[in-house]
Amino acid sequence: MNKQSLFTLDDALHQLLHGLKTLDQPERISTFDADGRILFEDVHAELSVPSFDNSAMDGYAFNCADWTANNGKLKAGQRITAGSQFSVLLPGQAARIFTGAPIPKGADAVVMQEDCEVIDDETVLIKAKPTMGQCIRRQGEDIARDSLVLTKGTRLTPVSLGLAASIGLAQLPVYRRPNVALLSTGDELVMPGEISPSDLPSGSIFNSNRYFLRSLLLRLGCTVTDLGNLPDKLEQTKLVLSAAANSHDLILTSGGVSVGEEDHVKPAVNALGQLHLWSLAIKPGKPFAYGQIRNHHDLLTHFIGLPGNPVSSLVTFLLLVRPFILSLQGCHQIDMKSYAMRSDFGWYKADKRREFLRVRRNSTGGLDLFPNQSSGVLNSAAWGDGLIDNPPYNLINPGDMVEFIPFNDWMS
Ligand code: AMP
Ligand code: MG
């Protein structure tokens with residue numbers, strides 16, 4: 001299919017993700033290095049956390065029945081510091097205990113030191129009436145032995161690394177990183193650094209897509225090969241794309257997928273495999289190309305062509321490429337979560353397409369709109385801290401509740 005067909009975002013996502021095979025060759029890596037990676041196997045706890053009852057406070061550990069029998073006046077006993085071995089409390093004793101230290105056998109409460117008074121070398125007065133079990137962190141209250149701690153397909157966060165470490169895991173099984181080749185198209189593009197801004201010829205622009213696309217790919221755990229700008233010649237375009245297909249899981253381009261454009265990406269991908277050109281019913285971000293290129297192992301490498309307008313490129317990346325890349329790595333958390341928030345502006349230019357408006361949260365809990373919503377104005381997304389997901393034909397009045405998607409959720 002080479003004809004432009006109109007696609008809803010959900011259709012496009014379905015086409016992209018349905019039947020998508022996850023990457024082969026998972027690996028075991030140091031837990032230290034696993035932030036952002038996707039877990040390849042379920043992780044169970046081989047022990048309880050904490051693995052023993054321990055004190056939540058610096059104070060005294062004793063038995064509540066002893067406290068009642070002795071009106072709170074107990075014999076000063078042993079000193080139990082964090083890292084000590086288990087010990088046994090003698091009848092009538094209060095043991096000096098520190099946070100994290102094991103509760104001695106026989107004790108059933110801890111009172112913090114501020115509520116205790118040392119009378120002499122042999123006696124301590126526990127002034128506060130204790131309740132059974134107080135200030136004791138029970139074995140297994142964080143994690144029960146044999147329980148499922150982290151699920152296959154989870155995207156690991158700094159906190160999940162800490163959790164894995166708490167059950168003693170120095171290594172974690174993860175999907176391998178996707179290898180992505182990144183390319184731009186457009187003879188007007190100049191790389192920053194090649195020409196000083198004051199010398200930029202009229203008609204030229206600096207290549208901005210390459211910078212944010214590369215960074216977004218890196219944040220999603222990809223290994224990125226930046227192949228620069230595609231030359232404006234069919235044979236050379238084919239050579240670059242077919243070489244890239246041999247060593248990458250995905251080739252991502254930006255620009256040159258608009259309707260009727262005289263560019264060489266479409267014919268090149270078609271010649272090397274297949275290309276579907278979708279006209280997405282979203283704004284910004286109408287043209288979007290998806291296909292495969294056959295490599296020299298006779299395997300198919302994914303191809304995605306994003307629109308060139310910077311905001312269209314950004315939005316289609318977040319809506320479609322991000323879930324695609326996470327799914328390649330077996331990640332289950334790909335839904336875009338939106339939050340109901342109050343609009344503090346009116347929007348009366350409702351479009352027949354589902355629209356993603358660049359907005360910013362204000363200090364009163366509402367959303368402000370960036371005045372220029374053109375798909376070429378990257379500043380709208382830099383100023384904004386998220387998007388409103390506005391349904392087709394939907395007008396917005398100030399005070400209306402709208403669906404807000406924070407960039408933070410997406411760009412990490
Ligand atoms: P295209 O999709 O190639 O028709 O490009 C649409 C618009 O996006 C044109 O104004 C291009 O100059 C611009 N554009 C394309 N690629 C880039 C890029 N890498 N960085 C900044 N702007 C771009
Ligand atoms: Mg172009």
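Modeller: Gladly! A nonpolar core here is a set of buried Ala, Val, Leu, Ile, Met, Phe, Trp, Tyr and Cys residues joined through side-chain atoms within 4.5 Å. Please keep in mind that this is a predicted model. The largest such core has 44 residues, and those touching the most other members are L252, F288, I304, F317, F324 and I325. Its biggest contributor is helix α7, spanning residues 310-328, which supplies 12 residues. As a general background, nonpolar side chains in soluble globular proteins tend to be buried together.

Let us look closely at F317. Beyond its neighbours within four places in sequence, F317 is in contact with L213, L216, L217 and L220, as well as L252, L306, R322 and I325. L252 and I325 also belong to the group that touches the most other core members. Apart from this core there is a second, separate one of 17 residues, with A244, I251, V257 and I293 among them.

Now for the cysteines. The disulfide count is zero, with sulfur atoms required to lie within 2.5 Å of each other. For C116, the nearest cysteine sulfur is that of C135, 9.9 Å away, so C116 is in no disulfide. C116 counts as buried because its relative accessibility is 12%, under the 20% limit. C222 is in no disulfide either: the nearest cysteine sulfur, belonging to C331, is 12 Å away. With a relative accessibility of 4%, C222 also counts as buried.

How values were computed:
Residues numbered from 1 in each chain as written. Chains lettered and ligands numbered in written order. Predicted model: local features only at pLDDT ≥ 70, side-chain atom pairs only at ≥ 80, totals over all residues. Heavy atoms only, no water. Buried < 20%, exposed > 50% of the residue type's maximum accessible area, 1.4 Å probe, protein only. Helix = DSSP H or I, 4+ residues; strand = E, 2+ residues; numbered from the N terminus. Contact = heavy atoms within 4.5 Å.
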